[in-house]
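Opening the notebook on this one. I want to go through a sheet pairing, a helix crossing and the confidence scores.

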Amino acid sequence: MEETLNRTNFIWDAIEQDLKDGRYTQVHTRFPPEPNGYMHIGHCKALIMDFLTAEKYGGLSNLRFDDTNPAKEDTEYVEAIKRDINWLGFNWTGGLYYASDYYDKCYEIAEDWIKRGLAYVDELNKDEMREYRGTLTRPGKNSPWRDRPWEESLDLFRRMKAGEFPEGSYTLRAKIDMASPNIVMRDPAMYRILYKEHWRTGSKWCIYPMYDFAHPIGDALEGISHSLCSLEYEIHRPLYDWVVEKSAHMLPARPRQIEFARLNMTRTVMSKRKLRALVEGGYVRGWDDPRMPTLSALRRRGYTAAAIRDFISRIGLSKADSVVDTAVLEACVRQDLDANAARVSAVLRPIKVVLTNWPEGEKRELVVENHPKKPEMGTHTVTLSREIYIDAEDFMEVPANKFQRMYPGFEVRLKGACIVKCEGCTKDENGNVVEIQCTVDFDSFAGCEGSGRKIKGKVLHWVNAEDAVPFEARLYEPLLPAEEDGAAEEEEAVAADEMETAEDGAEETDALTRKDYDFLKKISPNTLTILHGYAEPAIRECENGTSFQFVRVGYFCKDPDSTSELPVFNRTVELNGLKL
């Protein structure tokens, strides 16, 4: 990422100006994920920006979990997020924190606000609150309880904390301006009653602070200089500043919020609610199913941390929302694996070839390179004997126009070995080809007199039948079909997840909307194809997570489902695609 660190962008320009003006003496950022699901590719822009910014300026970066909604949080998600961050090559040099670390301080500030007339306990329910709020073109109106005496609000708030009232009966709201053109500033909710045991604080609390209240307080308490976030939080910035300003006498720092455009990608689901629906509805096998856009899933599929960081570097930062073609990410992965993955031969749709003039029982060892452009990666040996497998797609009994692979009477070269001529084939009772017969030109082996002979046929990959290792290949397609790209709809769905918090004073809901159900109906039915093929012995002993280029086939990664009897490989990306 050294090249990226030497570039500039509007955020780094702003930070450098802040340092020059003396507004801050040290850069201190934070990454604040919610532990209510696995991180996905859409989070990487913020994640990498937060950690890389601190790295660029020799500062610190915190990891702080926004655990303000115990109804959806779990330690499984916490540990997964930590693994993903480390996998991408970052560490929280400023420390590991949780929003729940500051619950006592948040409560103290809330009481202070009530006493100063900056907050009040409201009795409007969610629907009434929405009605009173107004619209983007119509100002809201004050709640009937907005001007209740602060003593009464303080008493009610303490009784809320003591657990005297049912959920939804009371809410603590900031007293700002119900006529504000910014709907977020129309007396937003700061606390709600929620009888859920917290995974860290247990049953100590039955009221929980809202994100827009807890987040700026956490930033200020940790000494964050720059709070970097995606563009949907731009309308939240006045509230962020308002919270810090009204609590300044109780906080040690004044962070600055800067927004950038969120990452949107074609044929990729970015809404956490929808991803959870895919997992819980059984549409995928879990959060790390290689069809998912989560980092755990991408890692399992064979995507590399270097490729993802390169992808984020290439798309850059801007203030304008846009949609990135998924092919760009695939190209970054393909480029990284092309440079670093060892080559082996594997056939996904095997068909047997018998070399009829090969002596029975004879074997020949051949030395093949592990990487054609990197001799330092060494070589390995493969065995050639009388029977081999090739891919069924490399044979046609009656060749199509310009077909230059194997067919009767035509010569091809076996990669790293010799030239063979197809003499015919054998079919089963259904007319399917089950065996191909070829003869070998023994003079075409390397070092022999005819090794340099030119032929029209292509070079085919092959696997020796005697020591071939059977394996399962899993081929994946995007969850959303091309004709139902859904990029714009996904952008709207992610924004809706965030706006629900902004407008309703409530956390993102788990309930699926009609549009969500429509989305589930659009999921491609053929997103996973399983094939059973044969490969070189090298694939048997390698560790899970090892990537190879299967010659002429694609890049594949060994899956944790592998057994000693049947290795399983996920196709990471095909060989051909967008070139960077």
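**Sheet edge**

I started at Leu 414, whose bridge partner in β21 is Leu 460. I'm working on a predicted model, where local features need pLDDT of at least 70, side-chain atom pairs count only at pLDDT 80 or more, and totals for chains, interfaces and linings use all residues. Numbering runs from 1 along each chain as its sequence is written, and side-chain values use heavy atoms, with hydrogens and water left out.

I then looked up the pairing: β18 (residues 411–414) runs parallel to β21 over two bridges. Strands here are DSSP runs of E, at least two residues, and helices are runs of H or I, at least four, numbered from the N terminus; two strands pair if DSSP finds at least two bridges between them.

The sheet is open and mixed, with seven strands in the order β21-β18-β19-β20-β14-β17-β22. β21 (459–460) and β22 (463–464) are at the edges with a single partner strand each, so one side of each has no neighbour in the sheet.

**Helix crossing**

I checked α12 (residues 305–315) against α13 (residues 326–340): their axes come within 8 Å and cross at roughly 135°. Axes are lines fitted to C-alpha atoms over the stretch in contact, with angles from 0 to 180 degrees between N-to-C directions.

**Confidence**

I noted an average pLDDT of 93 for the chain, with 93% of the residues scoring at least 70; pLDDT is the predictor's confidence in each residue, from 0 to 100. I flagged residues 494–509, where pLDDT is below 50. That stretch still has 43 contacts beyond near neighbours in sequence (contact means heavy atoms within 4.5 Å).
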